[in-house]
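Colleague: Could we go through this chain together? I would like to start with the overall picture and then turn to the details.
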Amino acid sequence: MADLKSSYGGVEMKNPLICAAGPPTHTPEACKRASDAGFSAVVLKTHAAKEAPWGLLHTVGTPVYILTDLKGTDFWRPIPPKKSLPKVRGIKGERKPEYSMVGCHPGVILSYFLGEDYIKYASKTKDLVKHDCLVIGSIVAYTEEGWIEQCELINRTNVDLVEINLGCPCALPEEQCYPGVIPGAALGASPSVVEAFTRIAVDHLHVPAIVKLPPQQSNSLLSAQAAVRGGAAGINCGDSSFFPSVRINIETATPGWHPRYPVWHGIWGPWVSPYVCGQIANMRLNGITVDISACGGTSSFEDIVRFFMAGASSAQPCRELMVQGWDVAKKWLEELEAWMEKKGYNSVMEMRGIAADKIITDYSKLDLPIPQIMGGPEPKYKMVFDDRECIDCAWCEMCCSHLAIKIESGLPNWDSKKCELCGLCEAVCPVKAISMVPK
Ligand SMILES: Cc1cc2nc3c(=O)[nH]c(=O)nc-3n(C[C@H](O)[C@H](O)[C@H](O)COP(=O)(O)O)c2cc1C
C-alpha cells in the first residue's frame, strides 16, 4: 500500500489532505465532518485581533455564493447527486468541472468566535475530531500589540499548529498599522511585514507557526523567504480568493456578480492551481525547505499530485468541499493511493518536487532558434497538414500572425519561409489535421 504520510510545520500527518479554513471548518461540527471524511487536519476559521477593521469583525449574515463558468457569463448549479459520490454537473446535466465560485457578499463570518469563544471552538473541535486529525488555529492582526494579543489567545487553546493568516488585506488607516503595512493590500505581499509579524508570532506562540501567504504578490518567493527568516515552520502557499473582483453587467452598466450586492467580490477557481504550482516550485528551487501546503484551486486528486510534484507536502482544499461536500476527500484519497500504486510511487513524500527540479530556469540552456524573420535559419521542424481531415474552416489561416498559412482551393497552403513554428495552428485545429514533425 502506498504510504500517504506527510507533514505540516514539521508535524507528521496521516495523509496530505488538510481542510482549509473557511465554511467547511467554521464550527466544531463542520470540522468533525472533515475529520470523518478522512482529512488529516482542519484549519479553524481565522480569529482577528480587536483592532481589525469593522468589516472583518462584524460581517452581517453569511456570505452568498454563486457558481459560474470561467468567463462569468453562465450561471449554473450542480444537479444534486443521487447515488454514490457527488459529480458536479451543469444545469443541462453536462459534466462541468471548470467552474469558479464567487462570494457575492462581503461576510466572511470571522466574527463567529471572538475571544473566549475561540478557545471553546478550538477545544470542542479537538474533542470532536479523530485523535489523529490535527487542529490548526488561525490568527490575523495588524499591529505588534494585536499579534501578541492573538498569540496569547491561541496559547490558551489546545491547537497543534497555528497559521499566521497574512492573506487578508488591511483596511485600517496607515497611522494605526505596523510600519510597512499598506492599507488595502494583503499583509503577506510585503516581505518586511511578513518577517516582522512572523517573528512576533514565533516568539510568543507555544506551537509551531505556519505563514499563509496571499495570491496577491509581486514576488511570493521574497515573502516566503521572509517568513522563514522570521522562524516559520511552514508556508501555506496560494489561497485562491482573488480579491477584489468585479463583474460588469454591460446591459445595465452595473457592477457586481449579484444584483443585490454591488460590492467587491472574492473569486475562487480551479484556474488558480497552475499558479500555485508555479509559486511552490519557485520556492523549492530557491531553497525553501520548510513544509509547503498548496492552497488554491484543488479540484481533483490529480491536483494533489501536481502540488506534490511542484514541491508541496500537503494540499488544502476549501471551495471544492463547499460545492461537493467533505466526502470528496475520501474519493481523492482512494484515487491518489490507487494512482500511486499503479505508477509505482511508494510514498507521497517521494513525489515531492520531482517535477519542479526539472524546470529550466536558465533560458540560455534552451535550444531557442533565432526566428527566420530576424535572419535565423529555416526551422528544423515542419507543419504537416492532413488534407483528408481538413474541413476548410480556415481557423489556421485566421490565427497565423506570421501569415504563413493561406487557404487555397479549400486547403491550407503552408509557407515554410514565413512559419516560426509557434504551434498555434496545430492548437486551434478543431479536427487535429495539423501536426509539427521533424523535417
Ligand atoms: C467563504 C470563505 C471563507 C474563508 N475564510 C478563511 C479564513 O477565515 N481564514 C483563512 O485563512 N482562509 C479563509 N478562506 C480561504 C480558504 O482557506 C482557501 O485559502 C481558499 O478558499 C483557497 O482554496 P480553494 O481554492 O480550495 O477554495 C476562506 C475561503 C472562503 C471561500
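Colleague: Among contacts between residues at least 6 apart in sequence, what percentage join residues at least 24 apart?
Modeller: The figure is 70%, where two residues are in contact if their C-beta atoms, placed from the backbone, lie within 7 Å. This is a predicted model, in which local features need pLDDT of at least 70, side-chain atom pairs count only at pLDDT 80 or more, and totals for chains, interfaces and linings use all residues. Residues are numbered from 1 along each chain as its sequence is written.

Colleague: What pLDDT does the chain average?
Modeller: The average is 88, and 88% of the residues score at least 70; pLDDT is the predictor's confidence in each residue, from 0 to 100. Over residues 78-97, however, the pLDDT is below 50, and this stretch has 26 contacts in the model beyond near neighbours in sequence. Where pLDDT is low, the predicted coordinates should not be read in detail.

Colleague: How many helices and strands are there?
Modeller: The chain has 12 helices and 21 strands, taken as DSSP runs numbered from the N terminus (helices: H or I, at least four residues; strands: E, at least two).

Colleague: Which residues have the most contacts inside the largest nonpolar core?
Modeller: They are Val-42, Ile-235 and Ile-280, in a core of 94 residues. Such a core is a set of buried Ala, Val, Leu, Ile, Met, Phe, Trp, Tyr and Cys residues joined through C-beta atoms within 7 Å. A residue is buried if 20 or more other C-beta atoms lie within 10 Å of its own, exposed if 12 or fewer, and partly exposed in between, with C-beta atoms placed from the backbone. Another core, of 10 residues, lies apart from it and includes Ala-404 and Ile-434.

Colleague: And Val-42, what is it in contact with?
Modeller: Leaving aside neighbours within four places in sequence, the partners of Val-42 include Cys-19, Thr-25, Val-129 and Ile-136.

Colleague: Changing topic: is helix H8 mostly covered or exposed?
Modeller: Mostly covered: 8 of the 10 residues in H8 (residues 301-310) are buried, among them Phe-301, Asp-303, Arg-306 and Phe-308.

Colleague: What do those buried residues pack against?
Modeller: They pack against helices H7 (273-285) and H10 (328-343), together with strands E16 (291-295) and E17 (314-315). Just after H8, Gly-311 takes a positive phi of about 130°.

Colleague: Which residues of H4 and H5 meet?
Modeller: Glu-144, Trp-147, Ile-148 and Cys-151 in H4 meet Phe-197, Ile-200, Ala-201 and His-204 in H5.
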